[in-house]
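This report describes selected side-chain arrangements in one protein model. Please examine the sequence and the structure before reading on.

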Amino acid sequence: MKILFVSFFIIAALAFSVHAATEPVMSAFDAKVLKKFENAQADSEKIKILTDALEDAQCGAIVYFNLANLKANAADFASAIELYKKALQLHKDFYLAARNLAICLLNTNSPDAFEMVKKALALSGGTDAQMLSEIARLHFNHEDYSASLAACNQALIFLPESKDVLLLKAANLYNLKNFNEAKNLAQNLLKNDEKFLPAWEYLFLSNLEISDYSSALSVYESAQLLGLDVQKFGINAADIYLKLKLYDKALALYKKALLAEKSSISPDKLLNIARLIYHENEFKHAEDFAIFLEKNLDAEHSLQALEIRLIAESLKDPQSKELETLAQEILQRDDSNPLANFELGKIKLQNSNAIEALTCFASAAKSQTYFYNAMLLKSRAYILLEDFKNAIDTLKTLNSSANSKEILDFIKKLQAFEEQKK
């Protein structure tokens, strides 16, 4: 934002259009100083003329104001702010000093900016379009979307074609859940500039909120064809593709999101997506995605991705030779992993390796998730070894928590069988 430079004569001209403000009266001293100021060529010379003038008690607000302008346009905001404040102390209704001070405070992210923008706007009689735009933005940043929308509408009276103000209005409408209005405004913005990415974003998000997934994807794909960077709303597009079971497109976008330099996507979300896919019996997609996650996530989440591969493989083919390899790989990272121990125990039991199966099931049974099934298969391993006593004890332990008639009946049969063998 460029600071406004004004001399006495410009101020006098502006005073007719500033309804609520009065500009400072020019003293003879100030007029003399500003005459030298206007004739000077270099900024350094101008700064010296104005700085020297500050030493005189006759120095008025206009001298402070013009020196502040020089400092502000040199990005010396700290000095400019103090000088504008001094100008306002000398003349509290100095509209242009308040306006430029507001701009400096905005540039420095000062918490005082909001109040000074309001003061400048009031001194302008509510007609300063830039201050209206800034107050709309500040209200938006404070999540006061209704006040921001009202300020946008006021600013648009003076700046009806302002792309930034129209976009801010669309953002307010979106946050106020007026999705159709936000959508229409975004579409109008794109008529004038088809490569205005923020408008594409609000058009996409508005369609998403009204569950018009087809239109949302059309927006995403159109923006992509224009060569725009659509990564910002790529995750939402991926979620739609996933909802529509277009797994190839969805997973490609999730992968891209994860590999982005500043990825914001949660590893837990990605893992849950992989789980969702295998529950849909899309084992190939689930496996490919889990392999990708295993390679690209941190150690903890990588292990979970490997677990997903094991579950998906087990569901796809319980007799798969890959199961043992995956289970062993997990146990190399975490030897107490209940899932891997349980799956490996099943394999050992199927291969009549009951002793190794018992070890696996004992470890798996420590987990509440696998306790029931692990204890049940552990009893079968004992039966395979013809160790009926331990089989019965295992089933009794299981029944103490499960209280199952089927287990009780099985215990009785084993007890009767054991008696016959004696």
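Leaving aside its neighbours within four places in sequence, with which residues is Phe-289 in contact? Phe-289 is in contact with Leu-251, Tyr-254, Lys-255, Leu-270, Ile-273 and Ala-274, where contact means heavy atoms within 4.5 Å.

The model is predicted: local features need pLDDT of at least 70, side-chain atom pairs count only at pLDDT 80 or more, and totals for chains, interfaces and linings use all residues. Residues are numbered from 1 along each chain as its sequence is written, and side-chain values use heavy atoms, with hydrogens and water left out.

**Nonpolar cores**

Phe-289 is among the residues with the most contacts inside the largest nonpolar core, together with Tyr-84, Tyr-254 and Leu-293. This core has 113 residues. A nonpolar core is a set of buried Ala, Val, Leu, Ile, Met, Phe, Trp, Tyr and Cys residues joined through side-chain atoms within 4.5 Å; buried means under 20% relative accessible area, exposed over 50% and partly exposed in between (1.4 Å probe, protein chains only). Helix α6 gives the most to this core, with 10 residues. Helices are DSSP runs (H or I, at least four residues), numbered from the N terminus. Another core, of 36 residues, lies apart from the largest one and includes Leu-306, Ala-327, Ile-330 and Leu-331.

**Aromatic pairs**

The whole structure contains 12 aromatic pairs. Rings of Phe, Tyr and Trp (its six-membered ring) pair if their centres lie within 6.5 Å; planes under 30 degrees apart count as stacked, over 60 as edge-to-face and the rest as tilted. Two of the pairs are listed below.

| Pair | Centre to centre | Angle of planes | Type |
|---|---|---|---|
| Phe-65 and Phe-94 | 4.9 Å | 40 degrees | tilted |
| Phe-289 and Phe-292 | 6.3 Å | 10 degrees | stacked |

Phe-65 lies in helix α4 (residues 61–73) and Phe-94 in the loop between α5 (77–90) and α6 (95–107), so their pair ties together parts that are 29 residues apart in sequence. Phe-289 and Phe-292, by contrast, both lie in helix α17 (residues 283–296), three residues apart, about one turn of the helix. Both of these residues, Phe-289 and Phe-292, are buried.

**A buried glutamate**

Glu-343 belongs to helix α20 (residues 338–350). Glu-343 counts as buried because its relative accessibility is 8%. Its side chain makes a polar contact with the side chain of Ser-314 (3.5 Å). A polar contact is a pair of N or O atoms within 3.5 Å; within protein, one must be able to donate a hydrogen and the other to accept it, and residues adjacent in sequence count only if both atoms are side-chain atoms.

Conventions
Helices (H or I, at least four residues) and strands (E, at least two) are DSSP runs, numbered from the N terminus.
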